[in-house]
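I would ask everyone to look at the sequence and the structure together while I go through them.

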Amino acid sequence: MAEMGSKGVTAGKIASNVQKKLTRAQEKVLQKLGKADETKDEQFEQCVQNFNKQLTEGTRLQKDLRTYLASVKAMHEASKKLNECLQEVYEPDWPGRDEANKIAENNDLLWLDYHQKLVDQALLTMDTYLGQFPDIKSRIAKRGRKLVDYDSARHHFESLQTAKKKDEAKIAKAEEELIKAQKVFEEMNVDLQEELPSLWNSRVGFYVNTFQSIAGLEENFHKEMSKLNQNLNDVLISLEKQNGSNSFTVKAQPSDNVPAKGSSPSPPPDGSPAATPEIRVNHEPEPATTPGATLPKSPSQPAEATEVTGGTPAVAGAQEPGETAASEPASSSLPAVVVETFSATVNGTVEGSSGPGRLDLPPGFMFKVQAQHDYTATDTDELQLKAGDVVLVIPFQNPEEQDEGWLMGVKESDWNQHKELEKCRGVFPENFTERVQ
């Protein structure tokens, strides 16, 4: 019997909630159609707008702070690796070895301390600040529902009062429900009317404290790091003085455009401007050239078209397989070829062209970058990166959505597998990557 009673109470509550939802839905429809007036509070609506703006700004600040902390952690790892390298190359018999090792240890501790203090004094404070918004947001929504209930009860009471046949019992009951609905609404409304302006005004002090903490921690960190760097510099100067006679000097290297004596000019590296000539046909007759002088061949032109007037081959015996000397006279009647430097090739095609090298790249592809550090995504629209990942950078669909320091792209491995931008693309911090192409 007790179980039946419990079920009866539950069923009653469910029925009551369903009825409330139906009544609210009906009231909203009538208000939208203009058949029922709606209680308005412009001051409260302004408070809600401020609340939403404050929540958006706080959420962005939290995201950017997490990115900053991730960058500090990545820089710590890079600094640690660099110091480990110094410790490995610092030979045991060199002076200052112990001091250099101690400086490396203090460097590591300083990074750890800086990161932890940022977490304690900035990130945790940020999380606490944002932690109050969900409850208030829920109460604002509940206040909106109670306002609809109040308007519905008010309209029901007014309709009974203006009816031709008045039922005093129903009017009394409707008035009782109206008073009850009004009381519930006003209690919530009064509380929020006090809290929202106070929360809005608190943002100034919060921003000041947060950025003062970050600035102070960063200032102290760089002061201490400067001392360590000065100590390391003193150790290295001592090492240099002891081994002054064995100092390393940088010798001037010959220019790439002027070969050293006794050597032949080396071809420019692939991808350099000089490595990608533009072939342009000049139909005007060329003056006779020095016998034996030739212009470089373009891989996209026949062997005959690459020779200048005169028919002399570039290098003796350099004809293609099957080519005979008979082809030489024929070449003398072809137009002269003028070769000019144009631009570096991109993916196998001249930049600005639409060659086959771009067919497998995503629409709007701009350039490639490679992740130098791991990056853990903190939102659904971000890319998860591992050091070494190659990312194909593409433009934002809406340039106004791009934040400073962030790029839009798709990991090359994902693109090669799926060929679908909607599934694979995302944003990532530019400072975690390095441009490779």
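Let me begin with a definition: a charge sits over a ring if NZ of Lys or CZ of Arg is within 6 Å of the ring centre and within 35 degrees of the ring normal. Arginine 203 lies over the face of tryptophan 200 in this way, 3.7 Å from the ring centre. A second case is lysine 63, placed over the face of tryptophan 406 at 5.2 Å from the ring centre. Please keep in mind throughout that this is a predicted model.

Arginine 203 leads us to helix H5, which bends by about 30° at that residue. How far apart are the end C-alpha atoms of helix H5, and what span should its 75 residues have? Helix H5 covers residues 168-242, and at 1.5 Å a residue it should span 111 Å. Its end C-alpha atoms are 109 Å apart, which agrees with that expectation. At the N-terminal end, H5 is capped by aspartate 167. A side-chain oxygen of aspartate 167 lies 3.1 Å from the backbone nitrogen of alanine 169.

I turn now to charged pairs. Side chains of opposite charge can pair when their charged atoms come close. How many salt bridges does a search of the whole structure find? The search finds 14 of them. I shall present three of these pairs in turn.

Glutamate 195 counts as partly exposed because its relative accessibility is 30%.

Another salt bridge is found between arginine 154 and glutamate 158, at 3.7 Å from N to O. These two residues both lie in helix H4, 4 residues apart, which is about one turn of the helix. Are the two partners buried or exposed? With a relative accessibility of 13%, arginine 154 counts as buried, whereas glutamate 158, at 36%, counts as partly exposed.

In helix H5, glutamate 224 and lysine 227 are 3 residues apart, so about one helical turn separates them. They form a salt bridge whose closest N and O atoms are 3.6 Å apart. Glutamate 224 has a relative accessible area of 37% and is partly exposed. Lysine 227, at 51% relative accessibility, counts as exposed, since the cut-off for that term is over 50%. Salt bridges with shared partners also join Asp135, Arg139 and Glu195 into one network.

Next, the aromatic residues. The count of aromatic pairs comes to 10. One of them is the stacked pair of tyrosine 129 and phenylalanine 206, with 3.8 Å centre to centre and 5° between the planes. This pair links distant parts of the chain: tyrosine 129 is in helix H3, residues 97-131, and phenylalanine 206 is in helix H5, 77 residues apart. Tyrosine 129 is buried, with a relative accessible area of 5%. Phenylalanine 206 also counts as buried, at 9% relative accessibility. Phe51, Tyr129, Phe133, Phe206 and Tyr207 form one aromatic cluster.

Alanine 100 is found in helix H3. With a relative accessible area of 5%, alanine 100 is buried. The C-alpha atoms of alanine 100 and tyrosine 90 are separated by 8.6 Å, and the two residues are 10 residues apart along the chain.

Lysine 368 has its place in strand E5, residues 367-371. What joins the side chains of lysine 368 and glutamate 412? A polar contact of 2.8 Å joins them. Lysine 368 counts as buried because its relative accessibility is 14%, and the cut-off for that term is under 20%.

Lysine 419 is located in the loop between helix H7 (412-418) and helix H8 (421-424). Its phi is near 60°, a positive value in a residue other than glycine. At 38% relative accessibility, lysine 419 counts as partly exposed.

Thank you for your attention.

Notes
Residues are numbered from 1 along each chain as its sequence is written. This is a predicted model: local features need pLDDT of at least 70, side-chain atom pairs count only at pLDDT 80 or more; totals for chains, interfaces and linings use all residues. Side-chain values use heavy atoms; hydrogens and water are left out. The expected span of a helix is 1.5 Å times one less than its number of residues. The bend at a residue is the angle between axes fitted to the seven residues ending there and the seven starting there. A polar contact is a pair of N or O atoms within 3.5 Å; within protein, one must be able to donate a hydrogen and the other to accept it, and residues adjacent in sequence count only if both atoms are side-chain atoms. A salt bridge is a side-chain nitrogen of Lys or Arg within 4 Å of a carboxyl oxygen of Asp or Glu. Buried means under 20% relative accessible area, exposed over 50%, partly exposed in between (1.4 Å probe, protein chains only). Rings of Phe, Tyr and Trp (its six-membered ring) pair if their centres lie within 6.5 Å; planes under 30 degrees apart count as stacked, over 60 as edge-to-face and the rest as tilted.
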